[in-house]
Amino acid sequence: MKDTAKDAGRDATGARAGAGRTEPLGVAVVGAGYWGPNLVRNFQSSPEFRLRWLCDLNVDRARQVLGGYSTVQATADYEAVLADPEVEAVAVATPAGTHLDVALAALRAGKHVLVEKPLAATYEDGLRLVNEAEERGLTLMCDHTYCYTPAVARIRDMVRSGELGDIQFVDSVRINLGLVQKDIDVLWDLAPHDLSVLDFILPENVHPVAVAAHGADPIGAGQSCVAYLTLQLNTGAIAHVHVNWLSPVKVRTTMVGGSKRTLVWDDLNPTQRVAVFDRGVDLTAPQEIGADERRDMLVSYRTGDMVAPALGEKEALRSMVEEFAASIRTGRPPLTDGRAGLQVLDILEAASRSLEFKGAVVGLRTGR
């Protein structure tokens with residue numbers, strides 16, 4: 001008997017939905033709030049997709065996003081969207097607490113799914129989505145937007161090619177005088193950006209294994225408004241993330257220190273987003289020096305050039321949409337697949353437990 005659960009993502013011939021297609025893929029966006037309009041704009045401008053529906057509980061808001069001359073249908077009826085055989089993919093831009101139900105319904109209807117960060121409200125919910133997509137042979141992608149910027153793509157190439165050497169530390173700062181959220185703390189609000197980038201750039205054999213977090217609520221908001229998160233990597237290196245809603249200045253920097261070179265990414269500097277420094281510390285092994293010299297310092301300092309590599313200009317969301325299409329057409333996992341979303345959820349949940357226990361080190365599940 002045919003397994004309808006596993007075959008939901010395939011057509012009558014058994015081929016994967018969307019595979020081998022050259023014409024635009026039918027897509028629906030669910031959610032017309034903060035992020036949905038950005039997805040609408042990029043799907044409409046992409047030759048890879050044809051936007052068929054914008055679904056939102058507030059139909060008037062959906063119509064306003066589409067404009068008066070759009071041929072895209074606005075609706076509050078999600079079942080009608082999923083019943084449309086021309087819809088091969090669904091992009092979910094609803095609140096995180098609804099991601100499980102909305103994305104799960106789409107997967108069970110045989111649709112490929114793109115989900116805004118975070119993948120789900122909990123790790124267990126995210127795992128259900130990952131398993132469902134894998135069983136049905138469907139693409140599940142998490143929109144970790146920063147991973148598709150030209151700067152982060154270049155950083156990933158440099159790290160994974162060995163240009164920086166062995167990774168010794170990563171330090172990220174994401175602070176500003178931001179909107180204090182009512183339902184989540186500053187870690188869940190801001191850290192997913194840095195954690196998704198970390199997962200994206202690290203070599204395949206390097207991954208976090210444990211986390212410790214410290215937070216403070218100096219204004220009585222009911223949750224941490226300032227937080228520091230330290231990740232232990234399996235190599236012995238560490239990665240550190242500082243997030244803050246209370247800073248009077250906005251800072252978006254990441255430093256990646258390697259044994260050969262150190263890289264600094266300043267996302268707020270359009271003229272020099274990435275700088276690579278041939279400066280650092282070299283350690284001489286004791287067996288490499290004579291007995292009389294062993295009393296001297298084994299550490300020497302290296303001072304070389306700074307290079308600012310040229311970066312192309314391309315909207316990150318446009319690149320993300322293209323990656324979603326490529327995954328659907330080829331069947332390969334997208335660069336930020338469901339398991340990348342799980343990694344972020346794993347770290348956030350462990351960080352929350354660490355906060356409860358005053359900074360205790362908490363092991364991770366995935367360690368991928």
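Which residue is the bridge partner of V30 in β4? In this predicted model, the partner of V30 is V92. The two strands concerned are β1, residues 25-30, and β4, residues 89-92, which pair in the parallel sense over four bridges.

Strands β1 and β4 belong to an open sheet of six strands. Read across the sheet, the order is β3-β2-β1-β4-β5-β6, and the pairing is parallel. Strands of a sheet pair through backbone hydrogen bonds, either parallel or antiparallel. At the edges stand β3 (73-75) and β6 (140-143), each of which pairs on one side only. On average, and with direction ignored, neighbouring strands of this sheet are turned by 25 degrees against each other. Helix α3, which covers residues 59-66, lies across β2 (49-55) and β3. The direction of α3 is at about 155 degrees to β3.

Two local backbone features were found in loops. The peptide bond from K117 to P118 is cis, and its omega is near -10 degrees. P118 is placed in the loop that runs between β5 (112-116) and α6 (123-136). The other feature concerns K358, which has a positive phi of about 55 degrees although K358 is not a glycine. This residue sits in the loop between α10 (338-356) and β15 (362-363).

Rolling a probe the size of a water molecule over the atoms shows where empty space is left. The structure holds one cavity of 30 Å³ or more. The volume of the largest cavity is about 40 Å³. Its lining is made up of V173, R174, D194, R252, T253, T254, W265 and D267. The elements that contribute two or more residues to this lining are β7 (167-177) and β11 (246-258). Strand β11 supplies the largest share, three residues. Sorted by class, the lining of the largest cavity comprises four charged, two polar and two nonpolar residues.

Confidence in the model was considered last. The protein chain has a mean pLDDT of 89, and 86% of its residues reach 70 or more. Over residues 1-5, by contrast, pLDDT stays under 50. For residues 1-5 the model has three contacts beyond four places in sequence. Where pLDDT is low, the predicted coordinates should not be read in detail.

Methods
Residues numbered from 1 in each chain as written. Predicted model: local features only at pLDDT ≥ 70, side-chain atom pairs only at ≥ 80, totals over all residues. Heavy atoms only, no water. 1 Å grid on protein atoms, 1.4 Å probe; cavity = no way out; pocket = protein on both sides within 12 Å on 5 of 7 lines; lining within 4 Å. Points joined across faces, edges and corners; volume = space filled by probe spheres on them. Nonpolar A, V, L, I, M, F, W, Y, C, P; charged D, E, K, R; others polar. Pairing = 2+ DSSP bridges. Axes fitted to C-alpha atoms, helices over the stretch in contact; angles between N-to-C directions. Contact = heavy atoms within 4.5 Å. pLDDT = per-residue confidence, 0-100.
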